[in-house]
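The following paragraphs lead the reader through a single protein chain, from its overall form to a few selected side chains. Please keep the model in view while reading.

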Amino acid sequence: MPVYYALLLPQQVRLKLNLIRRTLYSKSGNSSFRAQESCILLGETADTSLSKLVSCPPLPLPVQGTAAYAEQSLHFPVPEEALRQIREELGVSHSYSGIYLGDEKLEYEAEIPAINDLRLALVEVERQGNLTLWRTLSEKHLQRGKEV
């Protein structure tokens, strides 16, 4: 089962994204819109703990409100430059920079609340047919201007 570094989002953003994903699921019937938590995947890793010191991305983290489709993932784009340093510090990369929504290509626009708070997490993703199991292994709060 692959393990990823991910940035978990603040509650008000997650609530807004859950409403959007429910709408996308209603439009398409595609279960990927209900499968895993909306987050920013930073990249796959072999790490099993959050022992590396990393810097928090610049906050507020800007999010584009027009969904983009790349690498079979619909997402709200986040500037790649804003995630470059943390990805380098973790030694990972990912095919896109953005908040995952699902895996079907749809058009959608929304206003996303400002992201002023982030948590770094290790998440394990297991796919069994149409079922996606998502488990947070560990997480820590990132603080603006500090390495944690």
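Of the 148 residues in the chain, 47% count as buried, a term that means under 20% relative accessible area, with exposed meaning over 50% and partly exposed in between (1.4 Å probe, protein chains only). The model is predicted: local features need pLDDT of at least 70, side-chain atom pairs count only at pLDDT 80 or more, and totals for chains, interfaces and linings use all residues. Residues are numbered from 1 along each chain as its sequence is written, and side-chain values use heavy atoms, with hydrogens and water left out.

Two helices and seven strands make up the secondary structure of the chain; these are DSSP runs (helices H or I, at least four residues; strands E, at least two), numbered from the N terminus. Along the sequence their pattern reads β-α-β-β-β-α-β-β-β. The radius of gyration, 15 Å, is close to the 15 Å that the globule rule gives for 148 residues, so the chain is as compact as a globular protein of that length. That radius is taken over C-alpha atoms, and the rule is 2.2 Å times the number of residues to the power 0.38. The C-alpha trace spans about 40 × 35 × 25 Å along its principal axes.

Attention now turns to individual side chains. Lys140 belongs to strand E7, residues 131-142. Lys140 is buried yet has no salt bridge (a side-chain nitrogen of Lys or Arg within 4 Å of a carboxyl oxygen of Asp or Glu). Its nearest side chain of opposite charge, Glu89, is 9.1 Å away, where Lys and Arg count as positive and Asp and Glu as negative, with His and the chain ends not counted.
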